[in-house]
Amino acid sequence: MPAMKTPVITKAWRHKGEAGRIHYIAKRADGSTRHLYVNEDNALYEILEDHLAAIGYAGPASAEEH
């Protein structure tokens with residue numbers, strides 16, 4: 001199985017008033033980025049939530065955070 005050399009998800013945050021949703025920036029293979037979000041019923045949500053908790057992020061994001 002090949003390992004990815006570059007992180008695919010570079011940022012993640014919550015928006016005020018959006019319970020059960022985490023926004024994130026995904027980096028494409030060509031270097032461009034895309035703003036996406038994941039809802040609570042998705043396995044990626046759980047992974048991002050764990051990583052945000054590990055760095056002490058409680059959200060929601062302010063404009064300066066993304």
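Ile 9 has Ala 26 as its bridge partner in strand 2. That pairing belongs to a set of four bridges joining strand 1 to strand 2, residues 21-27, and these two strands run antiparallel. Strands here are DSSP runs of E with at least two residues, helices are runs of H or I with at least four, and both are numbered from the N terminus. Two strands count as paired if DSSP finds at least two bridges between them.

This is a predicted model, where local features need pLDDT of at least 70 and side-chain atom pairs count only at pLDDT 80 or more, while totals for chains, interfaces and linings use all residues. Residues are numbered from 1 along each chain as its sequence is written, and side-chain values use heavy atoms, leaving out hydrogens and water.

Three strands form an open sheet in the order 1-2-3, with antiparallel pairing. The two edge strands, listed here, each pair on one side only:

| Edge strand | Residues |
|---|---|
| Strand 1 | 9-13 |
| Strand 3 | 33-39 |

From one strand to the next, the twist averages 25°. Helix 1 (residues 43-54) lies across strand 1, strand 2 and strand 3, at about 90° to strand 2. Such angles run from 0 to 180 degrees between N-to-C directions, with axes fitted to C-alpha atoms, for helices over the stretch in contact.

His 23 counts as buried because its relative accessibility is 6%; buried means under 20% relative accessible area, exposed over 50% and partly exposed in between, using a 1.4 Å probe and protein chains only. Contact means heavy atoms within 4.5 Å, and the residues His 23 touches, not counting those up to four places away in sequence, include Lys 11, Trp 13 and Tyr 37.
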